[in-house]
Amino acid sequence: MRTSINRPPTPVAEEDEDHQPTLQEIINIKLIESGEKERLKELLRERLIECGWRDEMKALCRAFARKKGRNNVTVDDLVQVITPKGRASVPDSVKAELLQRIRTFLASASI
Amino acid sequence: MSTGNPSYTNPKPCKHLADYKLRHGLSGYRSLQKLLKTTPNGRTSVEKLDTKIPRCNSCNGFQGRLYFCLICSSVSCSDHTLLHSQSENGHDVAVDIERAELYCCVCCDQVYDPDFDKAVMSKHFMGSPRNKNGDESIGERLVKRRRLGSSVVEELVDLRKSKQLVSMRDRRAKSCYPFGLRGLTNLGSTCFMNSVLQALLHAPPFRNYFLSEGHNREACRKRSVNRLCLPCDIDDIFSAVFSGDRAPYSPAQFLYSWWQHSSNLASYQQQDAHEFFISVLDGIHEKESKSSNRNRDNGDCLCIAHKVFSGLLRSDVTCMTCGFTSTTYDPCVDISLDLDTNNLSPKNTANKPIKPNENSSMSTLLGCLDLFTRQEKLGSDQKLYCRNCQERRDSVKQMSIRRLPLVLCLHIKRFEHSPVRRMSRKIDRYLHFPFSLDMTPYLSSSIVRNRFGNRIFAFEGEESDISTEFEIFAVVTHAGTLESGHYVTYLRLSNQWYKCDDAWITEVDEGMVRASQCYVMFYVQKTLYHKANEDLSCLPISPRRDTFLPIAGCC
């Protein structure tokens, strides 16, 4: 079987064998594997819709698209513009509720 | 704001998507289907990859949006998608893992392909093997139903006969107000009847039917045994009201006939206007469907009441465990809406001062329609039986409008019952309502499409012949309490509003109508509204344009 010697080596993501997973990564893995992340996401969606946050973000997106012109806007643009405003306007009550849920989970997952 | 957008359009694909489709067709979408995971609430994501936690090929990152290349299945984060398409020729199209949406790495933007959305949607509907008759969620069992199509509309809009009526101007007419404006005397707390009659008298298709002898009186007299016929009496009222005589008219014969029909409501007590409206339509239907074989094969009733007012409501009940949706259709002659007492209070959105001009606390008709078509979580005491799971499950119910009528009657439920105190009371809350109404967002096609997120999806049996734009022509308003009050109707003829308060009819301005407490609103399809105005425009409009100029004297 012929192999091509001119073929460039297949790129491989650098495997850092000393790489200890950060705490963030560990928590993330546990959340996903137990299915808790999915449940938290659903809860968050519900709360953000209820309090009108999503409608606010929609309005911001519309305003931005109108200003730039419909054909000059990409999803990436919108995400970049909306993200800081979105993060800042999440109600404290929603933050508190989710934090509580995560704490409870962490306690039960004994991290 | 562009209003010309249809409910969904096929956007032009970018060059890269077009190239991809040319080269790979649908094979990529089909193999992706195996990796898709769906949830009962309509969400789709890409899962079943090698790892539970997808990581970017270039930077090993796992946060933010991640994209799955349709050609080589490698994962890139949003920072490195461009890099991927640059290093691998032709690897331009990817899928957002969390949302199952197409993305073009070169354009750095989301792209749309109906074929892709179709593949995603069929994944949603694949998982109900027990429904042998085929999925009700996509398919329409009742697609065979012949729609109230344009042919019927043309029939009712045949104005040749009624145009003749218009050209013969009655010299007795004291003023140059539109035809058909005539007060109705109150026969003893009958304002509920007068208010609805005024609305019916000016519902364009209904009016045209009666004015063009749609109800054949000769044939009727011969056929009817007990000589009581609601349509005949309505025909009398039409003849009297459109005769040109402006003195108030007493619909006594009609009242008598109606009492015969709805004996449980026969009294001099005050009645509910909406209840009256329903019973009148019922009376017309009873008489007309008996007199002739007026049913099409598919069960659509051809009596004038149903032809004009009947629409079709769709109810979807979705099991929250498996996602299986059960759909039923029910005909309706009106839609009863709960008031949207808005939950959104400005103080919820964090740390923002309350803006004084924010209308978030005012109820609007659109808000009520949103409320009517929202996904309603049925309580855990209301678990419904899911055919797929074969047991009772938590469910979500959603209403939508499958077919719009020619005349849309919207009834606001202005009463609430307190089971604790065993009392009912009236809700006087002000409701803002538009004069022009576009019902597109409340159609089944829009509602069902929105359930699955950002998809382009052709809804089988989608209506394109009946328009969704409506114009208001009558508002029945109420003042008072549940037990005692007064009904007044505002009519809109040739863009001029008239207040019909029993025997007194006055010209009023828009502001007065907007400020009134609406109870039942009548909207007609825009095309029929403009045609109707054309007839009336043969007559000159009042030159003086005085407000509060009474047409009818006191009785």
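Helices α7(B) and α10(B) are roughly perpendicular to each other, a term used here for angles of 65 to 115 degrees, with under 35 counting as roughly parallel, over 145 as roughly antiparallel and the rest as oblique. The model is predicted, local features need pLDDT of at least 70, side-chain atom pairs count only at pLDDT 80 or more, and totals for chains, interfaces and linings use all residues. Residues are numbered from 1 along each chain as its sequence is written, chains are lettered from A and ligands numbered from 1 in the order in which they are written, and side-chain values use heavy atoms, leaving out hydrogens and water.

**Confidence**

The complex receives an ipTM of 0.80 and a pTM of 0.74. Chain A has an average pLDDT (the predictor's confidence in each residue, from 0 to 100) of 84, with 82% of the residues scoring at least 70. For chain B the mean pLDDT is 80, and 77% of the residues reach 70 or more. Residues 343-359 of chain B have a pLDDT below 50, and this stretch has 16 contacts in the model beyond near neighbours in sequence; a contact means heavy atoms within 4.5 Å. The pLDDT also stays under 50 over residues 538-555 of chain B, where the model has 42 contacts beyond four places in sequence.

**Helix packing**

Helices here are DSSP runs of H or I with at least four residues, strands are runs of E with at least two, and both are numbered from the N terminus. Axes are lines fitted to C-alpha atoms, for helices over the stretch in contact, and angles run from 0 to 180 degrees between N-to-C directions.

| Helix pair | Axis distance | Angle |
|---|---|---|
| α7(B), residues 191-201, and α10(B), residues 230-241 | within 11 Å | roughly 75° |
| α10(B) and α11(B), residues 252-261 | 9 Å | about 160° |
| α3(A), residues 53-68, and α4(A), residues 75-88 | within 10 Å | roughly 135° |

Back to the opening pair: B:L197, B:L200 and B:L201 in α7(B) meet B:I237, B:F238 and B:V241 in α10(B). That contact divides into six nonpolar, no polar and no charged residues. In this scheme Ala, Val, Leu, Ile, Met, Phe, Trp, Tyr, Cys and Pro count as nonpolar, Asp, Glu, Lys and Arg as charged, and the others, Gly among them, as polar.

Helix α10(B) also packs with α11(B), at an angle of about 160°, which makes the two roughly antiparallel. Their crossing is left-handed, meaning that the near helix is turned anticlockwise from the far one by less than a right angle, whereas clockwise would be right-handed. Here B:L230, B:D233, B:I234 and B:I237 of α10(B) meet B:Q253, B:F254, B:S257 and B:W258 of α11(B). By class, this contact has five nonpolar, two polar and one charged residues.

In chain A, α3(A) and α4(A) cross at roughly 135°, which makes them oblique. The crossing of α3(A) and α4(A) is right-handed. From α3(A), A:W53, A:M57, A:L60, A:C61, A:F64 and A:K68 meet A:D77, A:L78, A:V81, A:I82, A:K85 and A:G86 of α4(A). Eight of the residues in this contact are nonpolar, one is polar and three are charged.

**Sheets and hairpins of chain B**

Strands are said to pair if DSSP finds at least two bridges between them. An open, antiparallel sheet of five strands runs in the order β4-β3-β5-β6-β7 (chain B). Its edge strands are β4 (75-77) and β7 (109-110), each pairing on one side only. Within it, β5 (residues 93-96) and β6 (residues 101-104) of chain B pair over four bridges, and B:V93 stands opposite B:C104.

Another open sheet has four antiparallel strands in the order β9-β8-β15-β12 (chain B). Here β9 (325-332) and β12 (375-377) have a single partner strand each, so one side of each is left without a neighbour in the sheet. The twist averages 25° from one strand to the next. Eight bridges join β8 (residues 311-319) of chain B to β9(B), with B:L313 opposite B:D330. Helix α15 (residues 444-451) of chain B packs on this sheet, touching β8, β9, β12 and β15 (395-403), and its direction makes about 145° with that of β15(B).

Further along, β22 (residues 485-493) and β23 (residues 496-501) of chain B pair in the antiparallel sense over five bridges, and B:Y490 has B:K499 as its bridge partner. Their hairpin has two residues between the strands, and B:S494 takes a positive phi near 50°. Strand β23(B) also pairs antiparallel with β24 (residues 504-508) of chain B over five bridges, where B:D501 is partnered by B:W504. The hairpin of β23(B) and β24(B) has two residues between the strands, with B:D502 in the turn at a positive phi of about 50°.
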